[in-house]
Amino acid sequence: MAEIETAVVIGGTSGIGKAIALRFAETGARIVIAGRDEGRGRGAVAEAQARGAAGATFVAVDVADPASIEALAGAVEAEIGIPAVLVNSAGILQSGKHVLDQALDEDERMWRINYRGTLVGCQVFGRQMQRAGRGAILNVGSLASFAPLSLPSYTPGKQAVMGLTGILAAELGPHGIRVNAVAPGYTLSDGLKAKIAAGERSPEAITATTALRKFVQPSDVAEAALFLCSDRAAAITGVTLPVDAGWLIQAPYAHYLRGNPIRKAQNQ
């Protein structure tokens, strides 16, 4: 039997979502990959099938539109039944700025996609799973779920995703449904690779902010996702797991050390 029997990966056409979908495929899962870009979706389906998926299908979805997510859920139930796993990976990024400079139209779009899209996905598929009496939901948070990064719409939205994950874990747990999240760090996705190639990001400066002095690979996040969605994590719910190469612990440690350097004992 496959480690993951059936799964829906919203935002599975690229980046971390695609890495998760392909990792699930390697276990023999039957997968529905959902996203906006049909070309990328078809490509992801072909890769999933090549990796060993029991079946792979693309369904178009716009997470900014609740009706589109409802339609996705109906299509999924008709295609594969009520899925055992839902992954909410769709989202958009934001460039750094000050709160006082935050445009309200950008703020509304960020919340509509990053938070409300996740919320509606949880609602629609959570109701299906509640009828089935089993399931696992995985949301995708961020380091911003834990730290006040200078992204005044993205950060509160990802903190809200972490809060939503905890609330749902409590509400859906009695129905046999687990709800967790991953919080990726600086992940060496195609987007970040392009920014590095264009000279817009310094890889040395980024890796220096992590305890392991390395980037997170999309496959690292996918491994964590597979664990949290599998029966190996049967007693784990309500957790937001950082997959960050130690960024969250390195930042406060390094800043404290600057004002309180460690000196060798005088008798050494």
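Visitor: Where is the place of R213?

Guide: R213 sits in the loop between α7 (203-207) and α8 (218-229); helices (H or I, at least four residues) and strands (E, at least two) are DSSP runs, numbered from the N terminus. This is a predicted model, in which local features need pLDDT of at least 70 and side-chain atom pairs count only at pLDDT 80 or more, while totals for chains, interfaces and linings use all residues. Residues are numbered from 1 along each chain as its sequence is written, and side-chain values use heavy atoms, with hydrogens and water left out.

Visitor: Why is R213 called partly exposed?

Guide: Buried means under 20% relative accessible area, exposed over 50%, and partly exposed in between (1.4 Å probe, protein chains only). R213 has a relative accessible area of 48%, so it is partly exposed. Its phi is near 55°, a positive value in a residue other than glycine.

Visitor: What makes A245 count as buried?

Guide: The relative accessibility of A245 is 12%, and therefore A245 counts as buried. A245 lies in the loop between β7 (240-243) and α9 (247-259), and its phi is also positive, near 55°.

Visitor: How do you know that the buried residues of α2 line one face of the helix?

Guide: The buried residues of α2 are G41, A44, V45 and A48. Seen down the axis of α2, they fall within an arc of 105°, so they line one face; the arc is that of the directions from the helix axis to the C-beta atoms. These residues pack against α1 (15-26), β2 (30-35) and β3 (55-60), where contact means heavy atoms within 4.5 Å. The face turned away from the buried side carries the exposed residues G39 and A50.

Visitor: Why is the aromatic pair of W111 and Y115 called edge-to-face?

Guide: Rings of Phe, Tyr and Trp (its six-membered ring) pair if their centres lie within 6.5 Å; planes under 30 degrees apart count as stacked, over 60 as edge-to-face and the rest as tilted. The count comes to 1 aromatic pair. W111 and Y115 are 5.7 Å apart centre to centre, with 65° between the planes, so the pair is edge-to-face. Both residues lie in helix α4 (residues 104-132), 4 residues apart.
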